[in-house]
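Have a look at the structure first, then read on.

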Amino acid sequence: PLRVAVRNEGMKLVVSALFQAIPAIAHVALVCVLFYLVFGILGLNLFMGKMHRCEEVGGEVLAPLAFGIDEKLMTRQWCRAHTHVVGCIGASKASFFSAGGGGGAGIGELGWSCAQDVAADVGVNTAYNRIERWGGQWTCTASSATAAVLNASNVQEMTDTYGILGSACYAPRSHVAEVERSGVFVSSCTPMFLHTQWVLPRGYDYDNIGHSMLVLFETATLEMWPSIMYHSVDAVEEGFHPRFNHNPAACIFYVFFIIV
């Protein structure tokens, strides 16, 4: 290739121009790096440690209210407790700490055992062409390990370790307190065990300057940047699960970066 460039006057001129442009290109690259560095440091200050979220193991990001948990109570400690039993107290979804893990036969694991007292009604929904179940009743009883945590005298220590032990955001708190005291609750929907993990989103975070600058580079390409911006808008504080539209002003950071 170099021989061709030397022999061909046109190619020789192009190659010569490229080499002469290297200093100018280096100056522009340096300005770009400084630009990314400034915004990267700003991103660290705004979002470092706040991009973590609670996900179901092998599943999707959790919606707290779907499991009877107030959005403000879904924390890193709650998520790292790993296993919760989810049922219904009256018309409200409810979740409780479970000392169990892994899978069990039927509706039962190490932390709770649930037995069906009243069979659910089954019918065909012709509008959606599917089988649906409603009604029914299950009684769930905590294991000794789970009950020991629910009834611990050092409540604050347990909360600091496992987060909120029981929650049913649309039911009276007294009902939840009774379950924590007795270790038994009656569910009006099929109980399930929820396995959770506290993770970073795949592909982006602001936990160090390198990752921060990489996120900004992805934003500058205008590929998939809205999802990053929306996550930043939902970000709360370190150790808390994102809340929908918690900080809309975070959009300004991304819009200003793209404009500049």
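For what follows, a disulfide is a pair of cysteine sulfur atoms within 2.5 Å. Bear in mind that this is a predicted model.

**The disulfides**

How many disulfides does a search of the whole structure find? The search turns up 3. If you number the bonded cysteines of the protein in sequence order, they pair up as 1-2, 3-6, 4-5. Here they are side by side:

| Disulfide | Sulfur-sulfur distance | Angle about the S-S bond |
|---|---|---|
| Cys 54 and Cys 79 | 2.1 Å | 90° |
| Cys 88 and Cys 189 | 2.1 Å | about 95° |
| Cys 114 and Cys 140 | 2.1 Å | about 115° |

Let's take them one by one. The link of Cys 54 and Cys 79 is right-handed, with 90° about the S-S bond. This pair links distant parts of the chain: Cys 54 sits in strand 1 (residues 53-56) and Cys 79 in helix 3 (residues 76-80), 25 residues apart. Both Cys 54 and Cys 79 are buried.

Next come Cys 88 and Cys 189, which form a disulfide with their sulfur atoms 2.1 Å apart. The torsion about their S-S bond is about 95°, so this disulfide is right-handed. Cys 88 belongs to strand 2 (residues 83-89), while Cys 189 is in the loop between strand 9 (184-187) and strand 10 (192-199), so the pair ties together parts that are 101 residues apart in sequence. Are these two cysteines buried or exposed? Cys 88 has a relative accessible area of 10%, so it counts as buried. Cys 189 has a relative accessible area of 16%, and it is buried because the cut-off is under 20%.

That leaves Cys 114 and Cys 140, also a disulfide, with sulfur atoms 2.1 Å apart. A torsion of about 115° about the S-S bond makes this disulfide right-handed. Here, too, distant parts of the chain are linked: Cys 114 is in strand 4 (residues 112-118) and Cys 140 in strand 7 (residues 137-142), 26 residues apart. Cys 114 is buried, and Cys 140 is as well.

**Two other cysteines**

Now for Cys 32, which is partly exposed, with a relative accessible area of 36%. Cys 169 is in no disulfide, and the nearest cysteine sulfur, that of Cys 88, is 11 Å away. With 29% relative accessibility, Cys 169 counts as partly exposed.

**How helix 9 packs**

Which way do helix 2 and helix 9 run relative to each other? Helix 2 (residues 9-47) and helix 9 (residues 250-259) pack at an angle of about 175°, their axes 12 Å apart. The two are therefore roughly antiparallel to each other. On the helix 2 side, the contact includes Phe 35, Tyr 36 and Phe 39, and on the helix 9 side it includes Phe 253, Phe 256 and Phe 257. Sorted by class, the residues of this contact are 11 nonpolar, 1 polar and no charged.

Helix 9 also packs against helix 8 (residues 225-234), at an angle of about 150° and with the axes 8 Å apart. In helix 8, Trp 225, Ile 228, Met 229, Ser 232 and Val 233 meet Ala 250, Cys 251, Tyr 254 and Ile 258 of helix 9. This contact has 8 nonpolar, 1 polar and no charged residues.

Technical notes
Residues numbered from 1 in each chain as written. Predicted model: local features only at pLDDT ≥ 70, side-chain atom pairs only at ≥ 80, totals over all residues. Heavy atoms only, no water. Axes fitted to C-alpha atoms, helices over the stretch in contact; angles between N-to-C directions. Helix = DSSP H or I, 4+ residues; strand = E, 2+ residues; numbered from the N terminus. Parallel < 35°, antiparallel > 145°, perpendicular 65-115°, else oblique. Contact = heavy atoms within 4.5 Å. Nonpolar A, V, L, I, M, F, W, Y, C, P; charged D, E, K, R; others polar. Buried < 20%, exposed > 50% of the residue type's maximum accessible area, 1.4 Å probe, protein only.
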